[in-house]
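I opened a notebook for this structure. The entries below record what I looked up, in order.

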Amino acid sequence: MVKKRRFPHLLRLLFVFLGMNLVWYIAYLLMHHPILPSPGAVYEAMFQLGAKDVALNVGYSLLRIFEGVLLALLIGLLIGLLMGRSPLWNRLLDPVVYLTYPIPKIALLPVVMLFFGLGETSKVLMIMLILLFQVIISVRDGVKAIPESTYDVLTSIGASTGQKFWNVTLPGALSVILSTIRISLGTAISVLFFTEIYGTEHGMGFFIMDAWLRLDYPEMYAGIMLFSLVGFVLFLLVDVMDYKFMKWRR
C-alpha cells in the first residue's frame, strides 16, 4: 500500500521537474541571451564541477544550516514547551515574543556581524535568530492545543512530570515541530545565501556569487540547482522522520 502511494508521488515529482525544464527551455529560446543559458548547458556545467569543490561548498553550507537549525530547535523547544505548559511563563514571555517577532531579522545581519565578526558564528546566529521565533510560537501553540484531559490517565497512576512530557507533551507537539522544521529549512537556506556572501571562501552562497562575478552563468545556475537540491534532500529527510515517528496519523 505504501509503495503504491509513493510511486504516483514520484511520478508527479518527475512530471513537475520535466515541466519546469520545458518552461526553462522555452524561456531560453525566447530570450536567446547569455544571462539565461539552456538547461543542457547548466547540467553540463554541473557535471563538470570538481567533486572536491562541490563537497567542500555543500559541506560548509550543510554544517551551518544544521548548527543554526539545531540551536533554534533546542532553545525554541525549551521556551515553547515552557510557555505552552505554564500560564505564568506564557504571560511573562508572550509580550517579549510578539514585540520581537515582527522585527525583520535579516536587517540585523550588519549588527550581528559587528558584534560577532564575519566568521562562522555570525552565520549560524543569523539562521538561529530567524528560525527561533517560528519554533517558539509553533511549539507553544502545539502544546497548548493538547487537551488537559490527556494527562489525567498518567496523573491517576502517579506519573512524574518527565513521564508526562515523554508520553504526552512531546508526541502531541511532534507534528507541529516537524512542520516547523519544514518551514524553517526553507528559511534557513534563504538566509544562508545572504550570510555566505560575506567573509567566507566556502559555501554555496559564495560559490553562486563567485560564478556571477565571473560572468560564468552556466556555473552560477548550476550552483543554484545544487543549492536547491540540498534543500530538497533536507526536506525529504524531514518527510522520513514524519513517516517514522508519526505513523499514528496514517
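**Entry 1**

The model is predicted: local features need pLDDT of at least 70, side-chain atom pairs count only at pLDDT 80 or more, and totals for chains, interfaces and linings use all residues. Residues are numbered from 1 along each chain as its sequence is written, and side-chain values use heavy atoms, without hydrogens and water.

I then looked up the largest nonpolar core, which has 52 residues; I65, L131 and L185 touch the most other members. A nonpolar core is a set of buried Ala, Val, Leu, Ile, Met, Phe, Trp, Tyr and Cys residues joined through side-chain atoms within 4.5 Å. Buried means under 20% relative accessible area, exposed over 50%, and partly exposed in between, with a 1.4 Å probe and protein chains only. I noted that α2 (39–48), α3 (51–85), α5 (109–116), α6 (120–144), α8, α9 (204–213) and α10 each supply at least two residues of this core. The helices are DSSP runs (H or I, at least four residues), numbered from the N terminus. With 13 residues, α6 gives the most to this core. A second, separate core of five residues includes I146, Y151, L154 and A159.

**Entry 1: helix α8**

**Entry 2: aromatic pairs**

I counted rings of Phe, Tyr and Trp (its six-membered ring) as paired if their centres lie within 6.5 Å; planes under 30 degrees apart are stacked, over 60 edge-to-face, and the rest tilted. This rule gives four aromatic pairs. The rings of W24 and Y221 have centres 6.4 Å apart and planes at 40°, so this pair is tilted. W24 lies in helix α1 (residues 2–31) and Y221 in helix α10 (residues 217–245), 197 residues apart. W24 is buried, at 16% relative accessibility. Ring pairs link W24, Y43 and Y221 into a cluster.
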